[in-house]
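Dear colleague,

I am handing over the structure we spoke about, and below it you will find my notes on what came out of going through it. Please keep it open beside the text as you read.

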Amino acid sequence: MPIVGSVPASQRPAALIGSSAAIVAARDMIDRLADSDASVLITGPSGSGKEVVAQRLHQRGGRAARPFVAMNCAAVPRDLLESEIFGHEAGAFTGASHTRRGRFELADGGTLFLDELGDMPADFQVKLLRILETRSVERVGGATPLPVDVRVVAATNLDLDAAIGTGRFRADLFYRLAVVEIDLPPLADRRDDIPALLDHFADLEAERGPRPVYTADAVTYLVRQPWHGNVRELRNFVARCAAVLPGIEIDDARSALLLHGERRGVDRWLASSPAPLPMPNRRRPPPFVAADEVVDLKALLSDFEKEYIRDALGKTAFGVAESARLLGLRRTTLVEKMRRLNIARPTIDPTMMPR
Ligand SMILES: Nc1ncnc2c1ncn2[C@@H]1O[C@H](COP(=O)(O)OP(=O)(O)OP(=O)(O)O)[C@@H](O)[C@H]1O
Ligand SMILES: [Mg+2]
(Lines give C-alpha, C1' and ligand atoms only; values in the text may rest on other atoms or scores of the structure.)
(Ligands and ions follow the chains in the order given, each with its own letter.)
Protein backbone atom coordinates (compact mmCIF):
# COMPACT_ATOMS: atom_id res chain seq x y z
CA MET A 1 0.00 0.00 0.00
CA PRO A 2 1.49 3.35 -0.93
CA ILE A 3 1.71 5.92 1.81
CA VAL A 4 -0.61 8.78 0.87
CA GLY A 5 2.14 11.36 1.30
CA SER A 6 4.32 9.62 -1.26
CA VAL A 7 1.79 9.78 -4.07
CA PRO A 8 1.92 13.10 -5.94
CA ALA A 9 -1.32 15.06 -5.54
CA SER A 10 -1.91 14.97 -9.30
CA GLN A 11 -2.11 11.16 -9.25
CA ARG A 12 -4.35 10.81 -6.23
CA PRO A 13 -8.12 10.42 -6.66
CA ALA A 14 -9.85 13.82 -6.49
CA ALA A 15 -10.66 14.47 -2.83
CA LEU A 16 -14.14 15.88 -2.31
CA ILE A 17 -13.74 17.23 1.20
CA GLY A 18 -16.60 18.23 3.46
CA SER A 19 -19.24 16.96 5.85
CA SER A 20 -22.13 19.25 4.89
CA ALA A 21 -25.31 17.59 3.69
CA ALA A 22 -24.62 18.74 0.11
CA ILE A 23 -21.12 17.24 -0.03
CA VAL A 24 -22.15 14.01 1.69
CA ALA A 25 -25.01 13.68 -0.81
CA ALA A 26 -22.65 14.41 -3.73
CA ARG A 27 -20.13 11.77 -2.60
CA ASP A 28 -22.94 9.28 -2.11
CA MET A 29 -24.39 9.99 -5.55
CA ILE A 30 -20.96 9.65 -7.17
CA ASP A 31 -20.51 6.22 -5.59
CA ARG A 32 -23.95 5.12 -6.68
CA LEU A 33 -23.24 6.22 -10.23
CA ALA A 34 -19.84 4.56 -10.35
CA ASP A 35 -20.84 1.77 -12.64
CA SER A 36 -23.45 3.65 -14.61
CA ASP A 37 -23.00 5.51 -17.88
CA ALA A 38 -25.76 7.99 -17.09
CA SER A 39 -25.03 11.56 -18.14
CA VAL A 40 -24.50 13.83 -15.17
CA LEU A 41 -24.99 17.60 -14.98
CA ILE A 42 -23.07 19.35 -12.21
CA THR A 43 -24.33 22.78 -11.21
CA GLY A 44 -22.91 25.34 -8.82
CA PRO A 45 -21.24 28.74 -8.72
CA SER A 46 -17.69 29.35 -9.84
CA GLY A 47 -15.09 27.71 -7.61
CA SER A 48 -17.56 25.41 -5.86
CA GLY A 49 -15.86 22.18 -6.94
CA LYS A 50 -17.66 21.10 -10.13
CA GLU A 51 -14.49 19.87 -11.79
CA VAL A 52 -13.55 17.90 -8.66
CA VAL A 53 -16.92 16.11 -8.84
CA ALA A 54 -16.43 15.36 -12.55
CA GLN A 55 -12.97 13.90 -11.95
CA ARG A 56 -14.16 11.83 -9.05
CA LEU A 57 -17.07 10.45 -11.10
CA HIS A 58 -14.52 9.33 -13.66
CA GLN A 59 -11.96 7.96 -11.23
CA ARG A 60 -14.39 5.93 -9.17
CA GLY A 61 -16.19 4.42 -12.13
CA GLY A 62 -15.45 1.57 -14.51
CA ARG A 63 -13.89 3.99 -17.03
CA ALA A 64 -11.10 5.12 -14.70
CA ALA A 65 -8.36 3.44 -16.73
CA ARG A 66 -9.52 5.23 -19.89
CA PRO A 67 -9.09 8.96 -20.70
CA PHE A 68 -10.77 11.86 -18.93
CA VAL A 69 -11.00 14.60 -21.54
CA ALA A 70 -12.10 18.07 -20.48
CA MET A 71 -13.40 20.69 -22.82
CA ASN A 72 -14.34 24.23 -21.87
CA CYS A 73 -17.23 25.18 -24.13
CA ALA A 74 -16.84 28.89 -23.36
CA ALA A 75 -13.15 28.96 -24.29
CA VAL A 76 -13.34 27.57 -27.83
CA PRO A 77 -14.21 30.10 -30.55
CA ARG A 78 -17.39 29.21 -32.43
CA ASP A 79 -15.65 28.51 -35.75
CA LEU A 80 -13.27 26.01 -34.14
CA LEU A 81 -15.91 24.11 -32.16
CA GLU A 82 -16.79 21.62 -34.88
CA SER A 83 -13.24 20.57 -35.55
CA GLU A 84 -12.50 20.56 -31.80
CA ILE A 85 -15.38 18.25 -30.93
CA PHE A 86 -15.75 16.15 -34.10
CA GLY A 87 -12.18 16.30 -35.42
CA HIS A 88 -11.46 16.77 -39.12
CA GLU A 89 -10.02 14.95 -42.09
CA ALA A 90 -6.91 16.24 -43.84
CA GLY A 91 -7.93 18.78 -46.45
CA ALA A 92 -11.39 19.34 -44.97
CA PHE A 93 -10.78 23.10 -44.99
CA THR A 94 -7.93 25.53 -45.51
CA GLY A 95 -5.31 24.86 -42.89
CA ALA A 96 -6.46 21.28 -42.15
CA SER A 97 -3.20 19.67 -43.26
CA HIS A 98 -3.52 16.58 -41.06
CA THR A 99 -6.32 14.41 -39.86
CA ARG A 100 -7.23 15.41 -36.34
CA ARG A 101 -9.23 13.45 -33.83
CA GLY A 102 -11.91 15.36 -31.97
CA ARG A 103 -12.64 15.34 -28.25
CA PHE A 104 -15.26 12.61 -28.53
CA GLU A 105 -12.80 10.28 -30.22
CA LEU A 106 -10.05 11.17 -27.73
CA ALA A 107 -12.38 10.32 -24.85
CA ASP A 108 -13.40 6.97 -26.37
CA GLY A 109 -13.95 4.43 -23.58
CA GLY A 110 -13.64 7.20 -20.99
CA THR A 111 -15.34 10.41 -19.92
CA LEU A 112 -15.84 13.69 -21.78
CA PHE A 113 -16.23 16.63 -19.40
CA LEU A 114 -18.10 19.50 -21.03
CA ASP A 115 -17.35 22.46 -18.81
CA GLU A 116 -19.33 25.73 -19.01
CA LEU A 117 -22.02 23.94 -20.96
CA GLY A 118 -24.38 26.92 -20.63
CA ASP A 119 -22.07 28.89 -22.93
CA MET A 120 -22.35 26.47 -25.83
CA PRO A 121 -23.68 28.33 -28.88
CA ALA A 122 -27.32 27.57 -29.57
CA ASP A 123 -26.76 26.33 -33.13
CA PHE A 124 -24.14 23.91 -31.88
CA GLN A 125 -26.35 22.38 -29.21
CA VAL A 126 -28.36 20.46 -31.78
CA LYS A 127 -25.19 18.91 -33.22
CA LEU A 128 -24.12 17.78 -29.78
CA LEU A 129 -27.52 16.25 -29.19
CA ARG A 130 -27.17 14.28 -32.40
CA ILE A 131 -23.85 12.76 -31.32
CA LEU A 132 -25.31 11.77 -27.98
CA GLU A 133 -28.29 10.12 -29.64
CA THR A 134 -26.48 8.28 -32.39
CA ARG A 135 -23.38 7.55 -30.24
CA SER A 136 -21.24 8.33 -33.23
CA VAL A 137 -19.31 11.29 -34.61
CA GLU A 138 -18.46 12.33 -38.11
CA ARG A 139 -15.19 14.20 -38.57
CA VAL A 140 -15.46 17.44 -40.54
CA GLY A 141 -14.87 16.40 -44.15
CA GLY A 142 -15.34 12.73 -43.27
CA ALA A 143 -17.80 10.44 -44.97
CA THR A 144 -18.47 7.77 -42.37
CA PRO A 145 -19.73 8.11 -38.82
CA LEU A 146 -17.30 6.69 -36.20
CA PRO A 147 -18.89 4.93 -33.26
CA VAL A 148 -17.81 6.38 -29.89
CA ASP A 149 -18.33 5.05 -26.40
CA VAL A 150 -18.21 8.09 -24.17
CA ARG A 151 -19.78 9.02 -20.90
CA VAL A 152 -20.63 12.71 -20.87
CA VAL A 153 -20.42 14.76 -17.69
CA ALA A 154 -21.30 18.45 -18.03
CA ALA A 155 -21.03 21.43 -15.72
CA THR A 156 -22.44 24.91 -15.66
CA ASN A 157 -22.61 27.88 -13.34
CA LEU A 158 -25.50 29.39 -15.27
CA ASP A 159 -29.13 28.88 -14.42
CA LEU A 160 -30.07 26.56 -17.28
CA ASP A 161 -33.77 26.65 -16.39
CA ALA A 162 -33.74 30.38 -17.03
CA ALA A 163 -31.69 29.87 -20.23
CA ILE A 164 -34.28 27.33 -21.45
CA GLY A 165 -37.00 29.84 -20.64
CA THR A 166 -35.41 32.48 -22.84
CA GLY A 167 -34.58 29.99 -25.61
CA ARG A 168 -30.80 30.26 -25.06
CA PHE A 169 -30.54 26.58 -24.18
CA ARG A 170 -32.36 23.65 -25.77
CA ALA A 171 -34.65 21.76 -23.44
CA ASP A 172 -34.06 18.46 -25.28
CA LEU A 173 -30.29 18.70 -24.77
CA PHE A 174 -30.82 19.60 -21.13
CA TYR A 175 -32.92 16.48 -20.50
CA ARG A 176 -30.41 14.35 -22.37
CA LEU A 177 -27.48 15.63 -20.25
CA ALA A 178 -29.14 16.11 -16.87
CA VAL A 179 -30.17 12.50 -16.37
CA VAL A 180 -28.73 12.98 -12.91
CA GLU A 181 -28.02 16.41 -11.44
CA ILE A 182 -25.48 17.10 -8.70
CA ASP A 183 -25.73 20.58 -7.22
CA LEU A 184 -22.93 22.20 -5.26
CA PRO A 185 -24.18 25.11 -3.14
CA PRO A 186 -22.04 28.22 -2.54
CA LEU A 187 -19.52 27.69 0.26
CA ALA A 188 -21.36 30.27 2.39
CA ASP A 189 -24.33 27.88 2.47
CA ARG A 190 -22.20 25.00 3.80
CA ARG A 191 -19.89 26.60 6.30
CA ASP A 192 -19.46 23.27 8.14
CA ASP A 193 -17.06 22.30 5.37
CA ILE A 194 -14.66 25.19 5.99
CA PRO A 195 -12.52 23.76 8.84
CA ALA A 196 -11.96 20.49 6.97
CA LEU A 197 -11.12 22.36 3.75
CA LEU A 198 -8.60 24.56 5.61
CA ASP A 199 -6.99 21.40 6.92
CA HIS A 200 -6.97 19.73 3.54
CA PHE A 201 -5.36 22.67 1.74
CA ALA A 202 -2.85 23.08 4.58
CA ASP A 203 -1.90 19.42 4.03
CA LEU A 204 -1.34 20.13 0.34
CA GLU A 205 0.85 23.15 1.17
CA ALA A 206 2.82 20.99 3.61
CA GLU A 207 4.01 18.87 0.68
CA ARG A 208 6.07 21.85 -0.49
CA GLY A 209 6.90 23.79 2.66
CA PRO A 210 5.80 24.57 6.17
CA ARG A 211 2.20 23.66 6.92
CA PRO A 212 0.02 26.72 7.67
CA VAL A 213 -1.36 26.47 11.20
CA TYR A 214 -4.52 28.31 12.31
CA THR A 215 -5.52 29.33 15.83
CA ALA A 216 -9.03 28.35 16.94
CA ASP A 217 -10.01 32.05 16.71
CA ALA A 218 -8.77 32.20 13.15
CA VAL A 219 -10.91 29.21 12.19
CA THR A 220 -13.96 30.83 13.81
CA TYR A 221 -13.23 34.02 11.93
CA LEU A 222 -12.71 32.22 8.61
CA VAL A 223 -15.90 30.17 8.96
CA ARG A 224 -17.88 33.46 9.06
CA GLN A 225 -16.41 34.98 5.91
CA PRO A 226 -18.56 35.38 2.78
CA TRP A 227 -16.21 33.42 0.43
CA HIS A 228 -17.75 34.83 -2.72
CA GLY A 229 -15.11 32.94 -4.72
CA ASN A 230 -16.13 29.73 -2.92
CA VAL A 231 -13.63 26.88 -2.39
CA ARG A 232 -11.19 28.33 -4.93
CA GLU A 233 -10.92 31.54 -2.88
CA LEU A 234 -10.33 29.49 0.28
CA ARG A 235 -7.65 27.46 -1.42
CA ASN A 236 -5.91 30.63 -2.64
CA PHE A 237 -6.13 32.09 0.84
CA VAL A 238 -4.31 29.09 2.33
CA ALA A 239 -1.68 29.34 -0.41
CA ARG A 240 -1.22 33.03 0.41
CA CYS A 241 -0.79 32.22 4.11
CA ALA A 242 1.90 29.68 3.23
CA ALA A 243 3.69 32.04 0.85
CA VAL A 244 3.57 35.25 2.85
CA LEU A 245 3.83 33.91 6.40
CA PRO A 246 5.71 30.61 6.17
CA GLY A 247 5.93 28.86 9.52
CA ILE A 248 3.93 31.56 11.29
CA GLU A 249 0.70 30.71 13.08
CA ILE A 250 -2.30 32.39 11.46
CA ASP A 251 -4.56 34.16 13.95
CA ASP A 252 -7.76 36.07 13.28
CA ALA A 253 -6.03 39.44 12.82
CA ARG A 254 -3.62 38.01 10.28
CA SER A 255 -6.46 36.20 8.54
CA ALA A 256 -8.32 39.50 8.27
CA LEU A 257 -5.26 41.21 6.91
CA LEU A 258 -4.53 38.51 4.35
CA LEU A 259 -8.15 38.34 3.26
CA HIS A 260 -9.30 41.94 3.31
CA GLY A 261 -6.30 44.06 4.22
CA GLU A 262 -6.06 46.81 1.72
CA ARG A 263 -3.78 44.94 -0.69
CA ARG A 264 -1.38 47.75 -1.41
CA GLY A 265 -1.16 48.67 2.28
CA VAL A 266 -0.14 45.15 3.23
CA ASP A 267 2.24 44.77 0.32
CA ARG A 268 3.83 48.13 1.10
CA TRP A 269 4.38 46.97 4.64
CA LEU A 270 5.86 43.69 3.56
CA ALA A 271 8.11 45.40 1.02
CA SER A 272 9.12 48.25 3.30
CA SER A 273 10.55 45.98 5.97
CA PRO A 274 14.19 46.99 5.55
CA ALA A 275 17.08 44.74 6.52
CA PRO A 276 16.36 41.19 7.56
CA LEU A 277 15.94 40.71 11.29
CA PRO A 278 19.30 40.00 12.88
CA MET A 279 20.17 36.50 13.96
CA PRO A 280 20.04 36.13 17.73
CA ASN A 281 23.11 37.70 19.31
CA ARG A 282 24.15 39.43 16.11
CA ARG A 283 25.12 42.99 17.05
CA ARG A 284 25.48 46.14 15.00
CA PRO A 285 28.97 47.66 14.96
CA PRO A 286 29.50 49.73 18.08
CA PRO A 287 28.40 53.35 17.58
CA PHE A 288 30.78 56.16 18.42
CA VAL A 289 30.56 59.87 19.04
CA ALA A 290 32.98 62.23 17.36
CA ALA A 291 34.62 64.83 19.63
CA ASP A 292 33.00 67.79 17.84
CA GLU A 293 29.56 66.27 17.37
CA VAL A 294 26.41 66.37 19.46
CA VAL A 295 24.32 63.24 19.18
CA ASP A 296 20.60 63.04 19.92
CA LEU A 297 20.77 59.60 21.47
CA LYS A 298 17.05 59.48 22.24
CA ALA A 299 16.11 60.16 18.60
CA LEU A 300 18.64 57.62 17.37
CA LEU A 301 17.24 54.98 19.69
CA SER A 302 13.69 55.74 18.58
CA ASP A 303 14.66 55.38 14.92
CA PHE A 304 16.47 52.16 15.68
CA GLU A 305 13.47 50.74 17.57
CA LYS A 306 11.08 51.88 14.89
CA GLU A 307 13.10 50.21 12.16
CA TYR A 308 13.13 46.88 13.97
CA ILE A 309 9.48 47.01 14.96
CA ARG A 310 8.35 47.84 11.42
CA ASP A 311 10.49 45.01 10.11
CA ALA A 312 8.99 42.47 12.51
CA LEU A 313 5.45 43.69 11.82
CA GLY A 314 6.04 43.53 8.10
CA LYS A 315 7.32 39.97 8.32
CA THR A 316 4.33 38.81 10.33
CA ALA A 317 1.62 40.69 8.39
CA PHE A 318 1.11 42.83 11.48
CA GLY A 319 0.94 39.97 13.91
CA VAL A 320 1.56 41.89 17.11
CA ALA A 321 2.01 38.85 19.36
CA GLU A 322 4.33 37.19 16.86
CA SER A 323 6.34 40.40 16.38
CA ALA A 324 6.69 40.77 20.13
CA ARG A 325 8.09 37.25 20.24
CA LEU A 326 10.57 38.00 17.44
CA LEU A 327 11.70 41.14 19.26
CA GLY A 328 11.89 39.55 22.69
CA LEU A 329 9.25 41.92 24.07
CA ARG A 330 6.00 41.41 25.90
CA ARG A 331 2.98 42.04 23.73
CA THR A 332 1.81 44.95 25.87
CA THR A 333 5.27 46.53 25.73
CA LEU A 334 5.26 46.33 21.95
CA VAL A 335 1.77 47.85 21.74
CA GLU A 336 2.91 50.69 23.98
CA LYS A 337 6.02 51.28 21.85
CA MET A 338 3.94 51.27 18.66
CA ARG A 339 1.68 53.91 20.19
CA ARG A 340 4.63 56.03 21.31
CA LEU A 341 6.49 55.68 17.99
CA ASN A 342 3.32 56.30 16.02
CA ILE A 343 3.38 53.01 14.11
CA ALA A 344 -0.09 52.37 12.72
CA ARG A 345 -1.66 49.25 11.28
CA PRO A 346 -2.34 49.29 7.53
CA THR A 347 -5.96 50.24 6.89
CA ILE A 348 -8.55 47.52 6.64
CA ASP A 349 -11.78 48.31 4.85
CA PRO A 350 -14.37 48.15 7.68
CA THR A 351 -17.10 46.95 5.32
CA MET A 352 -15.06 43.80 4.71
CA MET A 353 -14.68 42.94 8.38
CA PRO A 354 -16.65 40.03 9.87
CA ARG A 355 -20.27 40.67 10.58
N1 LIG B 1 -14.96 19.78 -1.79
C2 LIG B 1 -13.69 20.01 -2.20
N3 LIG B 1 -12.68 19.29 -1.66
C4 LIG B 1 -11.40 19.53 -2.05
N5 LIG B 1 -11.04 20.46 -2.95
C6 LIG B 1 -12.01 21.19 -3.52
C7 LIG B 1 -13.39 21.00 -3.18
N8 LIG B 1 -14.13 21.86 -3.90
C9 LIG B 1 -13.27 22.56 -4.65
N10 LIG B 1 -11.99 22.18 -4.44
C11 LIG B 1 -10.79 22.81 -5.04
O12 LIG B 1 -11.12 24.18 -5.26
C13 LIG B 1 -10.68 24.64 -6.51
C14 LIG B 1 -11.87 25.05 -7.37
O15 LIG B 1 -12.67 23.91 -7.67
P16 LIG B 1 -13.17 23.57 -9.15
O17 LIG B 1 -12.17 23.95 -10.18
O18 LIG B 1 -13.66 22.18 -9.16
O19 LIG B 1 -14.40 24.59 -9.22
P20 LIG B 1 -15.47 24.81 -10.38
O21 LIG B 1 -16.81 24.70 -9.75
O22 LIG B 1 -15.16 23.90 -11.53
O23 LIG B 1 -15.21 26.33 -10.76
P24 LIG B 1 -15.46 27.10 -12.18
O25 LIG B 1 -16.94 27.23 -12.34
O26 LIG B 1 -14.82 28.44 -11.95
O27 LIG B 1 -14.80 26.29 -13.24
C28 LIG B 1 -9.88 23.51 -7.11
O29 LIG B 1 -8.55 23.71 -6.78
C30 LIG B 1 -10.42 22.28 -6.40
O31 LIG B 1 -9.44 21.27 -6.31
MG1 LIG C 1 -14.46 24.37 -13.45
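Helices, as named here, are DSSP runs of H or I that cover at least four residues, and they are numbered from the N terminus. Asn230 has its place in one of these, helix H10. Please bear in mind throughout that this is a predicted model.

As for the overall make-up, the secondary structure of the chain comes to 15 helices and nine strands. The chain has 355 residues, of which 29% count as buried, and among its contacts between residues at least 6 apart in sequence, 77% join residues at least 24 apart.

On confidence, the mean pLDDT of the chain is 85, with 85% of the residues reaching 70 or more. The highest value belongs to strand E1, at 97, and the lowest to helix H12 (residues 263-272), at a mean of 57. Over residues 1-5 the pLDDT is below 50, and this stretch has one contact in the model beyond near neighbours in sequence. Residues 273-286 also stay under 50, and for them the model has ten contacts beyond four places in sequence.

Which residues come closest to ligand 1? They are Ile17, Gly49, Lys50, Glu51 and Val231, out of 18 residues that surround the ligand. Sorted by class, this shell has six nonpolar, eight polar and four charged residues. Helix H2 (50-59) and helix H10 (230-244) each supply at least two residues of the shell, and at least three residues are drawn from each of domain 1 (14-90 + 99-185) and domain 2 (187-260).

Most residues other than glycine have a negative phi. Asn230, although it is not a glycine, has a positive phi of about 55°. Is Asn230 buried or exposed? Asn230 counts as buried because it has 21 C-beta neighbours inside 10 Å, where 20 or more are needed. Asn342, in the segment after helix H15, is another residue other than glycine with a positive phi, near 65°. Asn342, however, has 8 C-beta neighbours inside 10 Å and therefore counts as exposed.

Turning to the interior, nonpolar side chains in soluble globular proteins tend to be buried together. The largest nonpolar core here has 37 residues, and those that touch the most other members are Ile42, Val53, Leu112, Leu114, Val153 and Ala154. Two or more residues of this core come from each of helix H1 (21-32), strand E1 (40-43), H2, helix H3 (78-86), strand E5 (111-115), helix H5 (122-134), strand E8 (151-156) and helix H7 (171-177). If you centre the view on Val153 and leave aside its neighbours within four places in sequence, you will find Val153 in contact with Val40, Ile42, Ala54, Leu57, Thr111 and Phe113. Apart from this core lies another, of 28 residues, among them Leu187, Trp227, Ile250 and Ala317.

Gly87, in strand E3 (residues 87-88), is buried because 24 other C-beta atoms lie within 10 Å. Not counting residues up to four places away in sequence, Gly87 touches Arg100, Arg101, Gly102, Glu105 and Arg139. The C-alpha atoms of Gly87 and Arg100 are separated by 5.1 Å, although these residues are 13 apart along the chain.

Lastly, there is helix H14 (residues 320-327), in which Val320 lies. Val320 has 19 C-beta neighbours inside 10 Å and so counts as partly exposed, whereas the buried residues of H14 are Glu322, Ser323 and Ala324. What covers these buried residues includes helix H13 (297-315) and helix H15 (331-340). Val320 itself touches Arg331, Leu334 and Val335, when residues up to four places away in sequence are not counted. Between the C-alpha atoms of Val320 and Leu334, which are 14 residues apart along the chain, the separation is 7.5 Å. Just after H14, Gly328 takes a positive phi of about 70°.

With best wishes

Conventions:
Residues numbered from 1 in each chain as written. Chains lettered and ligands numbered in written order. Predicted model: local features only at pLDDT ≥ 70, side-chain atom pairs only at ≥ 80, totals over all residues. Near = placed C-beta within 6 Å. Nonpolar A, V, L, I, M, F, W, Y, C, P; charged D, E, K, R; others polar. Domains from an automatic or database assignment. Core = buried A, V, L, I, M, F, W, Y, C linked by C-beta atoms within 7 Å. Buried ≥ 20, exposed ≤ 12 C-beta atoms within 10 Å, placed from the backbone. Contact = placed C-beta atoms within 7 Å. pLDDT = per-residue confidence, 0-100.
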